[in-house]
Amino acid sequence: MEFFVTLVQVLDSTIRLATPLLLACLAGLYSERAGIFDIGLEGKMLMSAFFSAAVAAVTGSVWLGLMAGIGASLILSALHGVASITFRGNQLISGVAINFLASGLTVLIAQSWFQQGGRTPSLFGGGRFEPISFPFAEALDAAPIIGPVYSELLSGHSILVYVAFLMVPLTWWVLYRTRFGLRLRAVGENPAAVDTAGVSVVGLRFAAVAICGVLCGIAGAYLATALQAGFVKEMTAGRGFIALAALIFAKWRPWHAMWACLLFGLLQAIALRFQNIDLGGIIIPVQVMDALPYILTVVILAGFVGKAIPPRAGGEPYVKER
Amino acid sequence: MTVPAIELKGISKAFGPVQANKDISISVAPGTIHGIIGENGAGKSTLMSILYGFYKADKGEIWINGTKTDIPDSQAAIASGIGMVFQHFKLVENFTVLENIVLGAEDGGMLAPSLAKARKELKALEEEYELFVDPDKRIDEIGVGRQQRVEILKALYRKAEILILDEPTGVLTPSEADQLFRILHRLREEGKTIILITHKLREIMEATDTVSVMRRGQMTATVKTAETSPQELAELMVGRKVLLQVDKVPAQPGKPILEIENLRVVDEAGVERVKGIDLTVRAGEIVGIAGVAGNGQSELLEVLGGMRPGQGTIRLNGTPLALSGHGSDGQARRAQGIAHVPEDRQREGLIMDFHAWENVAFGYHRDPAYKRGLFMDNAALRADTERKIEKFDVRPPNAWLTAKNFSGGNQQKIVVAREIERNPDLLLVGQPTRGVDIGAIEFIHKQIVALRDQGKAILLVSVELEEIFSLSDRIAVMFDGHIMGERLPHETDEKELGLLMAGVAGEAA
Amino acid sequence: EPALIFDLGGKFDKSFNEAAHNGAQRWAEQTGQTYREIELQSEAQREQALRRFAEAGANPIITMGFAMADPLAAVAGDYPNTKFVAVDVNWLDAPNIRQVSFAEHEGSYLVGMMAAMASKSGTVGFIGGMDIPLIRHFGCGYAQGAKAVNPDVNIIANMTGTTPAAWNDPVKGSELTKAQISQGADVIYAAAGGTGVGVLQTAADEGILSIGVDSNQNHLHPGQVLTSMLKRVDVAVYDAMKAGEDVQTGVFTMGLAEEGVGVAMDENNAELVTEEMSAAVADARSDIINGNITVVSYYENDSCPALQF
Amino acid sequence: MEKMPKWADVVLIPLISLILAAILSTLVILAIGENPVEAVNLMVTGALGSTYGWGYTLYYATNFMFTGLAVAVAFHARLFNIGGEGQAMLGGLGVAVACLYIPWPHWSIALLAACAASMLFGAAWAAIPAYLQAKRGSHIVITTIMFNFIAAAFLNYMLVNVMRPQGSQDPATARFPEAVHLPTFQSMFSTAENAVFRGAPANISFFVALLACVVVWALIWRTRLGYEIRAYGHSETGAVYAGISPVRITIIAMLISGALAGLMAINNVMGEAERLVLNATEGAGFIGIAVALMGRSHPFGVFLAAILFGFLYQGGAELALWTSIPRELIVVIQALVILFTGALDNMVRIPLEKLFLGLRKGAE
Ligand SMILES: Nc1ncnc2c1ncn2[C@@H]1O[C@H](COP(=O)(O)OP(=O)(O)OP(=O)(O)O)[C@@H](O)[C@H]1O
Ligand SMILES: Nc1ncnc2c1ncn2[C@@H]1O[C@H](COP(=O)(O)OP(=O)(O)OP(=O)(O)O)[C@@H](O)[C@H]1O
Ligand SMILES: [Mg+2]
Ligand SMILES: [Mg+2]
């Protein structure tokens, strides 16, 4: 029973930790499925985390904060789009630049806005996303097995968590059941086919990059206004890169992306929960647990996903005329 | 006189410093098949891509059915009833046939109804034009011939009244090509207008009503097919008299140089491409391998050239060669005495961003002749390059130019010079004249024959039957990874080879 | 004009550096004078900042953090007329350095006692920032204090990470807090810089008690922060600035006796602290000062009698 | 025919991109309410106005030269090595091991040993991502990012649990013995009456970096291995045709790259800190990417770009010293430089190409 309680708690933590990864991972999925690689997920999340917290702090409304976060992330998306679609620049370099830009600008703006050393004031009340309780969560809590699963694991997260997980079937549906999805997948595989079929490659790719911006925006806002109550510098702490790894692990597929993010979330939750694991005399130092998600990513990339074949036109600008 | 279906007026287009189309005007009557011929790089594809809205012209007007029409993108072209089958197909490889057909022509935001509708219409179209393909197969699961049908169906599905086909027969067997022309005639009877790009004079003579000739970005003539001859067209294309045949003395085959026994090749995807072939090439002979692209010829050359592993036995001058692992890579092959003119000079034979002199060492860069101490002896290399440039008449004769700045023919001359001048025991030649103008073709053919006459063995792979006929001393036909048969050129004809290429076995080889 | 050199964490780390900043601000406001300051961004700047300020005539030059010890040792000799103040350093040998170190383990001991007394579950938590000896030093004192009150107390100690990012990952701090709560902890002490913000926040959200560090953090969540382990860096800085060029050099340890460390009691936590607690803390404080209780320092032999890291 | 003259490609485009980045940076400075003229003034005098300033500028530049070269070598093989940071950390470990556990009689021998050790450790750290990329196709960008994180945890473990001297509270190794301290510019160039570079950390490693530039140049443009690396970088199918093994080149290029990144440790660990501290690399691995991009992956270009970034770092430090401009301003400026010289390269290039084409047509 105690094991079960611990399990529920670890899984609960997994969900919270997986949520920003999942949003960012799906963001990357849209972008990369359309042929635009994006290592700037991290920067976009960070930018959004700051602006959502800043606006929420100033206006007291978390919804305005969310909008602002999405807006800020969209601006970086637009920059990425202009660099890699319009000017057919190197997508990796553009991503690196965006990460630097976000890391510097957030603190710079925060400092000249709030004078709190690159931090926003703490959010409270309407400035934060509060957890949502499912109906009967309280009542059911006592029920064995079902109780904790329903009232602790499923209920009691912020609305953005549910948004993130709903995005998975939605993304699947958009990708495989709609015209837009067909075109999006096609433009990442062979933009010339899309072009000669009379559809704008540039338009599609910008649309994908914009969706990526929106999702990264939500991810950042989740970090700063739902998980936390304000922005501190570098608060994304490499989650954008983990999301990217999850995306590759998932071979650019929505349901797999969810499982990959949950796996990474679980790894992190376990690392947080069990530090310095004692395995019959051999103590696994905390540093190993700390690095475990990264080590496992490499192991997974090396061994289990086999060759993850990215969208065929990914990373290459669409150039008709040399 | 009827209003022309298409009228292009003063079309010009430059790609950076390259003037691909210069002030071109052309008019095509409705319900006719109009041929366009021209050497490689003459600008045929560019012109048609402009008509289809793929490129934008720098200057000029497009008139469709008597109205001036602006075609900024393919959307507009499709709306004007134009469909195009590109030289390099524009299909999404991991989509199904059906998905490729509806892509861009969906009705409504949901996919399911579009697909259902397309499936029905496709059936009708298939039956009407005998263009059968399985709508649920993925593109990468079907052959190139089928892929072309998909492209045609794509155009018909979009209700094209004007159909442009850019070199459609390059990937077809002769009988498939015949079927294509039957379909084109049927379409013409229905009143559709067809533009057919090809550089095969025979096809022009058989299939078209009128023909336009392009040379170096300009339109040199438009004539009625019935009123011209292949010889005249060839002259119009090149601008001078050309020999359509290579002069050569009969071969004097010597001892076997290359012996292949039960060679098998499996590609990266696990598909067996070469399915146990046996072949011998002797000193002083050219063995030509005919076949439709994608039947294992490329893989055969690549194994011999050390570009991919295989299984079976290969002997060179009686010595077995490794087929995988150590001693089987390109460096080893060169050391063993095999030179290789690869099929794709731009992706394989040259580094497009290297200077000409760097490319002359490509593959031979570990040759001690190019080494001085720890470093490469660039001076020696450049001197060597100057020599080769002069001997092979590479133009412009500038060793410092990067490869991409040479024309296709001159790029090929650099590759051929590099490989032939190595004086190999065995020369592998893949598509030696693809994308090369007639003048350069003559020159390259002569060099290959000269090497043969020095008693070297040559294995030639080409999809151009004409080239196979004019160069080979012996012809082997490949189909689906097998050698269907061997023939001597003077004892066979295009028809028989065509049957073999289509997999119809003749009497035992 | 005095100068103040913040450590890499930056002056608004809500704890250590910020305390220094507060002390300096207080001095500036009271005297109307100005001071120079820099937030370091790279290791190589440590020596650079020292020299630049010394050459510009700043006196005294106050540095934050043990990492300044090395550069100070190299530079101080070159500027014999400049006084340096090194906070968190106590092992240098130079005539013109005032070395101020704090007995963090003693302060932590007191908050550990309070934690154990306030805990209803018998489980208390400790969340450190980056896993370095200094933070273990905090945790070790805390554990000894808790054990002193309740020998059966269960102490859960976690570090946020192993990279400098561990100082700035409130999300992780928050998750660690939740993990500790689910393991039964109902009082959690955060010694984790910016990460601690997440710890205090989550503790407040989840309705348990937290303990702040360095500065008085009771006000962050009034009524929900049990107390803060004060490390009076602000006082050290204020005093040094006030003394100016005449600041006394030598090695100074600021422990409980010197009021260098302590527990924060104010109106924000008045309701949380029982009389019993105040009394116990006061007793322990005097016992430590007069040597009846010895709090073992983690540094002594890199291990802790009360806690396994 | 080239679209435009080589000098325009090599000089003009980076210059215009830099000017654009500078203009935007000015706007940023204005936006946070500071005076850009004053800021630039401070940066220039602080970084270039004295031997002391130069001593810092060149110290940073030395770091960036190593990491820039590391990225550049990998770029030539079309590999994007984001792992310079982790490789440099491991290089530091190598230097520490070499300097602490062996009693060297003289710094010059120690320097050689430290070079070898740092290169070995750096290369080793690059080896696994290289192998995985070459053999298993695991995306090197992702694996090297992961290896940065793993390196940080590993170094932390080593410093906290293994190499930290007993009783020290600092997660750092002991100071290296006096014998292995490298000569600084101060000791090399000062005369009795005239002390230059006083207190600045620039040291003899700078000349090692210069040497590395020359060696990398010779390697890439003059040797057969360099030829193969470039050929592979331009065309993988071409490389296979020429008998150049993609696996071999991928691994060798990454090993060289990792070794160069690791070599940075002789500057920051052996030359400056004289002990190994946590986070000794301070992001130099990432700056290397920008440096390589700006330098067009050419060693001379890397040299110039490294000096530029060294100037930005030292100038930025001076800004932080004398104004209240936050240090993150420099990060923003770096981002703008990377953006304009790297990602938005075509924004400058395309109009310029048109211009040159037009000029040439006009001349004809
Ligand atoms: N996208 C492009 N960018 C730059 N140059 C191009 C492009 N497409 C074609 N060219 C150049 O324009 C010229 C005309 O090319 P085009 O493809 O129209 O010739 P073509 O007559 O179709 O030749 P082929 O028989 O080889 O298909 C060539 O010199 C070619 O290199
Ligand atoms: N300063 C530079 N910055 C960036 N790229 C450069 C620089 N100098 C040269 N390059 C590029 O590097 C490549 C090789 O230059 P390099 O000068 O090494 O060789 P080269 O001029 O081709 O031959 P050689 O060195 O024998 O004169 C050229 O393509 C050039 O564009
Ligand atoms: Mg063509
Ligand atoms: Mg040169």
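Biologist: How do the residues of the shell around ligand 1 divide into nonpolar, polar and charged?

Modeller: This is a predicted model, and in it the shell around ligand 1 divides into 5 nonpolar, 6 polar and 6 charged residues. Altogether 17 residues surround ligand 1, and the closest are A:Lys320, B:Gly41, B:Gly43, B:Ser45 and B:Thr46. Because residues from chains A and B surround ligand 1, the site is shared between chains.

Biologist: Which elements supply at least two residues of the shell around ligand 1?

Modeller: In chain B, β2 (18–28) and α1 each supply at least two residues, and α1(B) gives the largest share, 3 residues.

Biologist: Which side chains have an N or O atom placed close enough to an oxygen atom of ligand 1 to be read as a polar contact?

Modeller: For such a reading the two atoms, each N or O, must lie within 3.5 Å of each other. A polar side-chain atom of B:Ser45 lies 2.6 Å from an oxygen atom of ligand 1, while the side chain of B:Gln87 has an N or O atom 3.0 Å from a ligand oxygen, and for the side chain of B:Glu167 the corresponding distance is 3.2 Å. As for cover, ligand 1 has 630 Å² of accessible area on its own, and the protein covers 78% of it.

Biologist: What are the protein donors of the magnesium ion, ligand 3?

Modeller: The magnesium ion has B:Ser45 (OG) and B:Gln87 (OE1) as its protein donors, at 1.8 to 2.2 Å. This pair links distant parts of the chain, for B:Ser45 belongs to helix α1 (residues 44–51) of chain B, whereas B:Gln87 sits in the loop between β6 (82–85) and α3 (97–102) of chain B, and the two are 42 residues apart.

Biologist: Let us turn to the next ligand. Between which chains does ligand 2 lie, and which residues are around it?

Modeller: Ligand 2 lies between chains B and D. Among the residues around ligand 2 are B:His355, D:Lys6, D:Val10, D:Trp221 and D:Phe300, and its shell divides into 4 nonpolar, 3 polar and 3 charged residues.

Biologist: How far from an oxygen atom of ligand 2 are the polar side-chain atoms of B:His355 and D:Arg222?

Modeller: For B:His355 the distance is 3.2 Å, and for D:Arg222 it is 2.8 Å. The side chain of D:Trp217 also has an N or O atom 3.3 Å from an oxygen atom of ligand 2. Of the 600 Å² of accessible area that ligand 2 has on its own, the protein covers 66%. In chain D, α1 (6–31) and α8 (205–222) are the elements that give two or more residues to this shell, and α8(D) contributes the largest share, 3 residues.

Biologist: Where does UniProt place the feature "transmembrane region" in chain A?

Modeller: The unreviewed UniProt entry places this feature at several spans of chain A, including residues 49–80 and 197–224. In the model, residues 49–80 of chain A are 94% helix and 0% strand, with end C-alpha atoms 18 Å apart, whereas residues 197–224 of chain A are 86% helix and 0% strand, with end C-alpha atoms 43 Å apart.

Terms used: Residues numbered from 1 in each chain as written. Chains lettered and ligands numbered in written order. Predicted model: local features only at pLDDT ≥ 70, side-chain atom pairs only at ≥ 80, totals over all residues. Heavy atoms only, no water. Near = heavy atom within 4 Å. Polar contact = N/O pair within 3.5 Å; in protein donor to acceptor, adjacent residues only side chain to side chain. Areas by Shrake-Rupley, 256 points an atom, 1.4 Å probe, with all protein chains shown as cover. Helix = DSSP H or I, 4+ residues; strand = E, 2+ residues; numbered from the N terminus. Nonpolar A, V, L, I, M, F, W, Y, C, P; charged D, E, K, R; others polar. Donors = N, O, S within 2.8 Å, 3.2 Å for Na, K, Ca; no water. UniProt positions renumbered as here; feature names shortened; annotations may be inferred.
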